[in-house]
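Me: I would like to go through this model with you. Could you set out the terms before we turn to the strands?

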Amino acid sequence: MLTNLNKSLQGFTVIELIVAMSIAAIIVAVGVPGFQSLIAGNLSVTTSNELLKTLAAARNEAVKRGYPVYVCTTADPEAVNPVCNSASSTNWDNGWLMMADEDNDGDFSDQAENPLMAHSAIRTDFTLIGQAAIKNQVGFEATGFATQAGSIVLCSPSVKNFSVDKHDASVIMVNGSGRSRVFKGDSGAVSVTSCTPT
């Protein structure tokens, strides 16, 4: 009776433990990169959708108010009186503002124009860069038309080489009619070739 009890309490052999640990290590090695890619993909979709939502809201506000509304880059969206970046800035990473241009002069420093909305910075390992005419701001007229068309490129950390990894990039495109859409970096509708377009 005692010998049977001892056999049931023996546990695993060293070889069984080594095999089990090897299998667990293989599963972790294969699963973690895939899981990280999934998380980066979800964060990329969330960020591009948040910017897209802001652009759509700015267009609606411009039509509703009867004067232009802009979405612009900002260095500090959490500031007491946040302001738009200068025209030389292309970096949307630090956040953006939605500003109403009540006197329709395109200048937000000459009046008490408070942001209608402020969006905080995105993750530091992502880049969000404007190109061409909308490198630092997107404007919408009272008609709903955009004051300029262009693209804003969002790249996750998994985009090491754009020509190879562009399927992991997103491009937010604004056309002249004021409509905004998000495309994958490898879409035929996209002419972007870099995470830092000029």
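Reply: Two strands pair if DSSP finds at least two bridges between them. Helices (H or I, at least four residues) and strands (E, at least two) are DSSP runs, numbered from the N terminus. This is a predicted model, in which local features need pLDDT of at least 70, side-chain atom pairs count only at pLDDT 80 or more, and totals for chains, interfaces and linings use all residues. Residues are numbered from 1 along each chain as its sequence is written, and side-chain values use heavy atoms, with hydrogens and water left out.

Me: How do S1 and S2 pair?

Reply: Strand S1 (residues 69–73) pairs with S2 in the antiparallel sense, over five bridges. Cys72 stands opposite Leu97 of S2.

Me: And how many bridges join S2 to S3?

Reply: Four bridges do so, and S2 and S3 (residues 115–119) run antiparallel. Trp96 has His119 in S3 as its bridge partner.

Me: Is S2 buried or exposed?

Reply: Five of the five residues of S2 (residues 96–100) are buried (under 20% relative accessible area; exposed is over 50%, partly exposed in between, with a 1.4 Å probe and protein chains only), so S2 is largely enclosed by the rest of the structure.

Me: Which way do the residues of S2 point?

Reply: Trp96, Met98 and Ala100 point one way, and Leu97 and Met99 the other way. In a regular strand, side chains alternate between the two faces of the sheet.

Me: Changing topic, where does Asp105 lie?

Reply: Asp105 lies in the loop between S2 and S3. Asp105 counts as partly exposed because its relative accessibility is 37%.
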